[in-house]
Amino acid sequence: MTAPTVPERTGTPDGIRMLYAGAAIVACLAGVYFIRDVISPVFLAMTLVLTARPLVLWLNARRVPKFASALIGMLVVLLVLFAILFAVAVALVQFVGAMPAYADQFNALYTQASAQMMAWGVSQETITQWVTTFDYTRLLGYVSGVMGQVGFWVTFLGSLILFVAFVSIDLTDTTESGTKLVQVRPHLAAALLDFSWRVRKYWIVNTIFGLGVAVINMGILTWLQIPLVVTWGILAFVTAYIPNIGFIIGMVPPALMALLARDLQTMVIMVIAYVVVNFIASMVIQPKVTGDAVGLNITTTFISLVFWALIIGPLGAILAVPLTLFCKGIFFDSDPRSRWLSIFLGGKLDAIPSVSTESPDPEPEPEPVAEEPEPPPEEEPETSG
């Protein structure tokens, strides 16, 4: 019995094609890294305008002129953005202004920690080097230096405002361009539509949950009598946009304040309350509310957080999920042949609805069905002349 012969494959091997694709991805990411100061405000503006898009369409349905509805949507986006940035600026100013008053408590804690470490056998040189590295005045100087980068923030905000205006104007009327895209690339049009829906729900759900968690955290801080309650509430709201580890970033400063202004027991109670509240909100309630809206599993979300933070910078931590959704829609969901890769990111094969009945892939021919015999024709009754 001879073994069946396998026909030789022609063309480029799969491994070589994967190497080509990997090289192209590395080259694209290198380009994104060098122009990250432009890409981050552009992409943020695009997602914010898409989030306000239902308001614009609702105004158009009420016979509001399209340009006026686009202007209203742009103003809503800018007002929300400026409100958040103003709250963050106020919180930073309050934090920097209050921290010098706790310098003595900070130094006393360092002294107690040093004595305890020496009791455990740590050398004095190691302790001195560690204390010098984490000097309190250096911490304040670092925070003040971040706030002092006025030129960077002015440039970023100016670019963001311009891009929001441009994107809002370009999206005033997308009927003709959307129709053409559906005719030429129906699967790409469906993937972009799915991306806009998912990123819109992501921002809205994160905002609602961020506000709720911030209010609960402020109640905990008020109950424990920890200073700067509003500042830490704003920090909790902003860090809610950072997936998975955002609440940890928002927990460290108030925990330090609880240790300085109160005692160790208060800090431990605050940390436990923060962890319980944020775990229930972020890991139990929020996934059930959003359902399959985002279509990314926890592992993909965490990897995208680290990845985009390295490529884009600090803003990449906030834009990690929208950027991943955009790449998923463009590279995976836009082609039925590569849509199966979305399964590994947490998506489903039937998650992208088709906007056209036509499909570029040949459909399997239906199996022949036995034809039923036609009934004999009925005889017409004879009529007498």
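A cavity here is a set of grid points where a 1.4 Å probe fits but cannot get out, and its lining residues have an atom within 4 Å of a point. Keep that in mind for the first view; all the views come from a predicted model.

**View 1. The largest cavity and the residues around it.** The structure holds two cavities of 30 Å³ or more, and the largest of them has a volume of about 80 Å³. Its lining is made up of V49, A52, R53, V56, A70, G73, M74, V77, S168, L171 and T172. Two elements, α3 (53-61) and α4 (66-98), each give two or more residues to this lining. The top contributor is α4, with four residues. Sorted by class, the lining of the largest cavity has seven nonpolar, three polar and one charged residues.

**View 2. The second largest pocket.** Now for an open space: the second largest pocket has a volume of about 920 Å³. Of its 26 lining residues, I25, F307, W308, C327 and F331 are the closest to the centre. The elements that supply two or more lining residues are α1 (14-34), α2 (36-51), α14 (298-312) and α16 (320-333). Which element gives the largest share of this lining? That is α16, with eight residues. By class, the lining of the second largest pocket divides into 22 nonpolar, three polar and one charged.

View 3. Helix α13 (residues 264-290) provides the largest share of the patch, nine residues. Why does L264 count as exposed? Its relative accessible area is 52%, and exposed means over 50%.

**View 4. The salt bridge between D194 and R198.** Side chains of opposite charge can pair when their charged atoms come close. The count of salt bridges in this model comes to two. In this one, the side chains of D194 and R198 meet with an N to O distance of 2.6 Å. Both residues lie in helix α10 (residues 186-224), four residues apart, about one turn of the helix. Are D194 and R198 buried or exposed? Both are buried.

**View 5. The salt bridge between K328 and D333.** In this view K328 forms a salt bridge with D333, and their closest N and O atoms are 2.8 Å apart. Both K328 and D333 are buried.

Notes. Residues numbered from 1 in each chain as written. Predicted model: local features only at pLDDT ≥ 70, side-chain atom pairs only at ≥ 80, totals over all residues. Heavy atoms only, no water. 1 Å grid on protein atoms, 1.4 Å probe; cavity = no way out; pocket = protein on both sides within 12 Å on 5 of 7 lines; lining within 4 Å. Points joined across faces, edges and corners; volume = space filled by probe spheres on them. Nonpolar A, V, L, I, M, F, W, Y, C, P; charged D, E, K, R; others polar. Buried < 20%, exposed > 50% of the residue type's maximum accessible area, 1.4 Å probe, protein only. Salt bridge = Lys/Arg side-chain N within 4 Å of Asp/Glu carboxyl O.
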